[in-house]
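Let's walk through this model together, one neighbourhood at a time.

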Amino acid sequence: MISRLVVLISGNGSNLQAILDACKSGELDAIVVCVISNKADAYGLVRAKNAGIDAIHFAKLENESRQEYDSRLATYASACSPDYIILAGWMRILTSTFLNHFPNRVINIHPALPNTFPGTHAIERAYESYQRGEITQTGVMIHLVPDEGVDDGPLLAKQEINFIQNESLGDFESRVHQIEHQVLVNTLKDLLTK
Ligand code: GRF
């Protein structure tokens, strides 16, 4: 049966694009039913519209608490009847007000290995750590989001990435993104065929 995916984004949406491409090619037996961004100018909204997918800027209302926002967001996402909700660069912590609606069905991508570099700029921070001689590899991980822990939760997949001597930060970032797109699609494929 075709799985229904809701994808939450905040920015460029390259991971969203990887999902859209895999759905289109048939690699994933899934459809993206809705794309939701908390940022009005997220390029991922353009990618979604180009693919003919419903896409919305889900703005925070004035004086709205985090719980109120998450409750509205849960209602909106539920109306799409998702099998899974993918946080593809969603840069806002979700509270249990949202997460409790979708137990074991919210999936996050983090461009670092488990328990390393949680939060923003993980790729850059790993690169700097390598430059200081502290680490020799980093990676990407896909995990379930059970609670408000940042970039933490039951692991679905991880992939180690070795640093290459004299590689620029820009080249390294592109390499990490390419790898995370593949790992994300492969992980979803495994999950959806179970
Ligand atoms: C990715 O590196 C993802 O792992 C992280 O945020 C970034 C989003 O990139 N959570 P994009 O918007 O998918 O291009």
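Glu-173 is found in helix H6, where helices (H or I, at least four residues) and strands (E, at least two) are DSSP runs numbered from the N terminus. The model is a predicted one, in which local features need pLDDT of at least 70 and side-chain atom pairs count only at pLDDT 80 or more, while totals for chains, interfaces and linings use all residues. Residues are numbered from 1 along each chain as its sequence is written, and side-chain values use heavy atoms, with hydrogens and water left out.

With a relative accessible area of 28%, Glu-173 is partly exposed; buried means under 20% relative accessible area, exposed means over 50%, and partly exposed is in between (1.4 Å probe, protein chains only).

Staying in helix H6, you will find Ile-179. Its relative accessibility is 18%, so Ile-179 counts as buried. From its C-alpha atom to that of Thr-193, 14 residues apart along the chain, the separation is 21 Å.

Now step back to the loop between E7 and H6, which holds Glu-167. Glu-167 counts as buried because its relative accessible area is 13%. Its side chain is joined to that of Arg-175 by a polar contact of 2.9 Å. Such a contact is a pair of N or O atoms within 3.5 Å; within protein, one must be able to donate a hydrogen and the other to accept it, and residues adjacent in sequence count only if both atoms are side-chain atoms.

Helix H6 leads us on to the ligand. Which elements give two or more residues to the shell around the ligand? We can start with where the ligand is: it sits in the largest pocket. A pocket is found on a 1 Å grid over the protein atoms alone, as an open set of points where a 1.4 Å probe fits, with protein on both sides within 12 Å along at least five of seven lines. A molecule sits in one if more than half of its atoms lie within 2 Å of the grid points. The elements in question are helix H1 (14–25) and helix H6 (169–192).

The residues surrounding the ligand are Asn-12, Gly-13, Ser-14, Asn-15, Gly-89, Ile-109, Pro-111, His-177 and Glu-180, each with a heavy atom within 4 Å of it. A backbone N or O atom of Gly-13 is 2.7 Å from an oxygen atom of the ligand, and a backbone N or O atom of Ile-109 is 3.0 Å from a ligand nitrogen atom. In Glu-180 the side chain takes part, with an N or O atom 2.6 Å from an oxygen atom of the ligand. Taken alone, the ligand exposes 370 Å², and the protein buries 84% of that (Shrake-Rupley method, 1.4 Å probe).

Next come the strands, where two strands pair if DSSP finds at least two bridges between them. Strand E4 (residues 84–87) is covered on both faces: Tyr-84 and Ile-86 on one side and Ile-85 and Leu-87 on the other are all buried. Strand E1 (residues 3–9) runs parallel to E4, joined by four bridges, with Val-6 opposite Ile-85. E4 and E5 also run parallel, over three bridges, and here Ile-86 stands opposite Ile-107.

From E5 (residues 106–110) we move to E6, its antiparallel partner over four bridges, where Asn-108 faces His-143. Why is strand E6 (residues 137–144) largely enclosed by the rest of the structure? Seven of its eight residues are buried, so the strand is largely enclosed. E6 pairs in turn with strand E7 (residues 155–162), antiparallel over seven bridges, and Gln-137 stands opposite Asn-162 there.

Finally, visit the loop between E5 and helix H5 (122–131), the place of Asn-115 and also of Phe-117. Most residues other than glycine have a negative phi. Asn-115, however, has a positive phi of about 65°, and Phe-117 has one of about 45°. Is each side chain's residue buried or exposed? Asn-115 counts as exposed because its relative accessibility is 69%, whereas Phe-117, at 19%, counts as buried.

Terms used:
On a 1 Å grid over the protein atoms alone, a cavity is a set of points where a 1.4 Å probe fits but cannot get out, and a pocket is an open set with protein on both sides within 12 Å along at least five of seven lines; lining residues have an atom within 4 Å of a point.
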